[in-house]
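The entries below are in the order in which I looked things up.

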Amino acid sequence: MNSVPGIAYVDGVRVRRALSAGIRHVIARQDHLNAINVFPVPDGDTGTNIAFTLRAVLTAMAENMQRDAGHMLEVVASAALDGARGNSGAILAQFFQGLGEKSRTLEELSPAHFVEAVAHGAASARGALSKPREGTLLTVLTDFAAALGARLTADPAADIERLLQAGLERAQVSLANTPNQLEVLKKAGVVDAGAQGFVDLIQGVVDFLATGSLENLPADTELPPADIPHAGAIEMDTEYRYCTECLISGADIDRAALSAELNAIGGSLVVAGGRQKLRVHIHLKTPDALFRVASRYGKLSGEKADDMWRQARIAGKQLARPAIVTDSGADIPEALREALDIHMVPVRVHFGEHAYLDKLSLTPAEFYRMLGEHPEHPKTSQPPPGDFRREFMFLASHYEAVLYVGLTSRVSGTFQAAVSAAGRAEGAAVTALDSKTVSCGQGLLAMYAAECAQAGQDAAEIVKSVEAMMPRTRTWGMIPDLSHAVRGGRVPRSKKLLAELLHVTPLLAATPEGEVKSCGVLFGRQRLVDKFARYLARRADFRERYRLLVGHCASPVEAEALLKRLQELIPAIESAHLAEVGPALGTHAGPGALVVSMQAYTPPQHERSPLRS
C-alpha cells in the first residue's frame, strides 16, 4: 500500500504488506503484553502467545505470495489456526478464520467487502467462546468492527485507510474502558493484554499506511514492565493449573458436541476453526483430560500444556538470573525441580496413534501401566522446535538469559531441535548445552545449573561450571528384563536369550562422549540390588563427596533399598534422592530397571541451594 489518498481496494499483496507491518509492531511490544497479562489468568505469557501466533502468519505469508485477497486471507487464517497459542492467540485465529471465510471468493476487497469481512471475523471470534466476557479482546474486536460499519454508513465514499483510522480510534477507546468492565484489570491498573495486542496490530497497519514503508515505522513507545506495578500482584485462580491446547483434524467435526463435553471439565474454553480442523484451548486440572475427549473427534496434533501456576510465579517480574530449562528426558524429583525453578519441555510419547506429553499428560506411573497393557510398543519423539522456541521466548521475557541443559545428542534429536529453536528465538539470549548423558545424570546437571544461577552466576559462567561438572557426573543402569529393549528394536532377541541362559543381568553406562553402552553384567538373579550397589561403590572415589540420584522404572521398593545400601557403602554423601524414570529411558529399559547417577559434588560459589543441609 502506498501513502496516497483513496485506497479503494486491497488485494493479496496489500494484505501481506499491511499485516506484516502490524505483526512486526505487536512482536516489538510482546514483553509489554506479558507484563500486563492478568486475565483470564496472570501467567505473563499473552505477549509470547500472540507473537508466536502471528509469527506463524508472517512465515506463511512470505511463503505464499497470493495476489488474490481472498486466497491470502485463507493462508492467514490457516497459519493462525496452526500456530495459535493461548487464549488470545486462539481468538485471533478465529477472527482471521472469519475474515477468510467471508473473502475467499474475492480477488480484491472493496471498502464494503472489507467492513463485511471484519464484522464476520468479529462475530466468529465471539462464537468461538462458550462463555464470552466483556472487557476483553472480544469487546475490542466487536467495537472495532462496529466502528468500521458506522463510518462507512456515515461516509459511503470512505476509503479503507479512513475506515481503519476510525476503527483504530474506537478500538483505543474500547481498550481504555476494559478496566471498567473487568474488576481484575482495575485492581491491577492495566488494560486487557489480548485487547492491547489487537490494538497494537491495527496501530502497526495504520502507521504503515501513513508511511508507505515497512522500514520507517514510528519508534515503539511501549511502557517498560517497571511502570506497571500491580500487574504481577493478582492472585492466581487455583482451580485449573494447565493451559492446554491441541489441533483436531477430521472430515466433519461436531463442534457443538465437543464444546459441550469440554465445558463440563474445564474453563476458558476457545474452539476455533471449521469442520475439518479445530484449534482447542482450555484450562484444566490435568492436561490429559482434553486429549482423551478430543481424540474421539479426530486426529490430534500440536498438543501443548503450560503450567500456569509456575508461570504465574514469575509473571510481572524481571529476574536478574538465567532461566534453566531441560527436557523431560531428565529425571528429577518434582519437588526439587520446583524448588530449583527448573523449566521443562516435554518429549512426545506415542502409543499407536495417540501422542502424550511426557510427565504432563502422561505420568511415569501411567506410562508403565500402559506399557504392560497396550498391544503396541511405545515410541518417543523429540519435542517440535516450536515447543522449545515458545518456551525460550517466554522465559527470555522474564529472565536475563536462558540456558538449556539437554539430553545427549548421541541418542536423540531432542538437543538439535532445541538448538534450531534457539537460533530462531528472536531477541532471546539462549544457550544450549549438551549434557552428554541421560536420565538422572542429565537431571543432576540441570540441578547444578540451577544452583549456579541461584548463586549469581551468569549464563557463560554457568556453562563453564556445568561443563566442569560433566566428567564428575556418571550414570549407570541395571536392566533385569531385556524384553522391552527387544520389542523396541534396541537389543537383538538372541542377546536376551543368552542373558537368560547365563543368568546374568546387563548393566549400561553413559560414556563421556554421550553414548549409552553396555558396561558389564551382574551374575545370578538373586540379591541384585546389593550386587548393583557394590558394583557402584567400587567405582566411587572415597575422597569425594557425592550427590546421588536413584531412578526407578515402576520399582520404588527396590530403588529405596538401593539408595539405602549406597548410603551404607559410600561414606561421604552430600545429598541423595529418588526419582521416577520417564519414558525416554523407560521405553527400552522396562519396569524393574534401576538407574543411578553419582556426582562428585563441588558447591557453586556463594551457593544458596535448597538442597544444602
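**Ground rules.** I am working with a predicted model, in which local features need pLDDT of at least 70 and side-chain atom pairs count only at pLDDT 80 or more, while totals for chains, interfaces and linings use all residues. I number residues from 1 along each chain as its sequence is written, and side-chain values use heavy atoms, with hydrogens and water left out.

**Salt bridges.** I looked up charged pairs, since side chains of opposite charge can pair when their charged atoms come close. For a salt bridge I require a side-chain nitrogen of Lys or Arg within 4 Å of a carboxyl oxygen of Asp or Glu. By this rule I get 38 salt bridges.

I took Arg313 and Glu338 as one case; their closest N and O atoms are 2.5 Å apart. Arg313 lies in helix H13 (residues 308-314) and Glu338 in helix H14 (residues 334-339), so this pair links distant parts of the chain, 25 residues apart. Helices here are DSSP runs of H or I with at least four residues, strands are runs of E with at least two, and both are numbered from the N terminus.

I then checked accessibility, where buried means under 20% relative accessible area, exposed means over 50%, and partly exposed is in between (1.4 Å probe, protein chains only). Arg313 has 44% relative accessibility and counts as partly exposed. Glu338 is also partly exposed, at 24%.

My next pair was Glu451 and Arg547, with closest N and O atoms 2.9 Å apart. Glu451 sits in helix H18 (residues 439-454) and Arg547 in strand S15 (residues 546-552), 96 residues apart, and here too the pair links distant parts of the chain. Both Glu451 and Arg547 are buried.

I also noted Arg527 with Asp530, where the closest N and O atoms are 2.8 Å apart. Arg527 is exposed at 56% relative accessibility, whereas Asp530 is buried at 14%.

Going back to Arg313, I found that Arg313 belongs to a network of salt bridges with Arg241, Asp307, Arg310, Arg321, Glu338 and Asp341.

**Nonpolar cores.** A nonpolar core is a set of buried Ala, Val, Leu, Ile, Met, Phe, Trp, Tyr and Cys residues joined through side-chain atoms within 4.5 Å. Which residues touch the most other members of the largest core? I find Phe96 and Phe198, in a core of 78 residues. Helix H10 (residues 193-211) gives the largest share of this core, ten residues.

I listed the contacts of Phe96, taking contact as heavy atoms within 4.5 Å. Apart from neighbours within four places in sequence, Phe96 touches Leu19, Leu54, Leu73, Val76, Ala77, Ala80 and Leu201. There is also a second, separate core of 47 residues, and Tyr356, Ala449, Leu482 and Ala499 are among them.

**A helix pair.** Two packed helices are described by the angle between their axes and the distance between the axes. I looked at helix H16 (residues 385-396) and helix H17 (residues 414-424), whose axes come within 8 Å and cross at roughly 50°. The axes are lines fitted to C-alpha atoms, for helices over the stretch in contact, and the angles run from 0 to 180 degrees between N-to-C directions.

On the H16 side, the contact is made by Pro385, Phe388, Arg389 and Phe392. On the H17 side I list Thr414, Ala417, Ala418, Ser420, Ala421, Ala422 and Arg424.

Pro40 is in the loop between helix H2 (30-35) and helix H3 (46-63).

I noted a positive phi, near 50°, at Ser268, a residue other than glycine. Ser268 is in strand S2 (residues 267-273) and is partly exposed, at 29% relative accessibility.

Lys359 has a positive phi as well, near 70°. Lys359 is in the loop between strand S8 (354-357) and helix H15 (364-373) and is partly exposed, with a relative accessible area of 22%.
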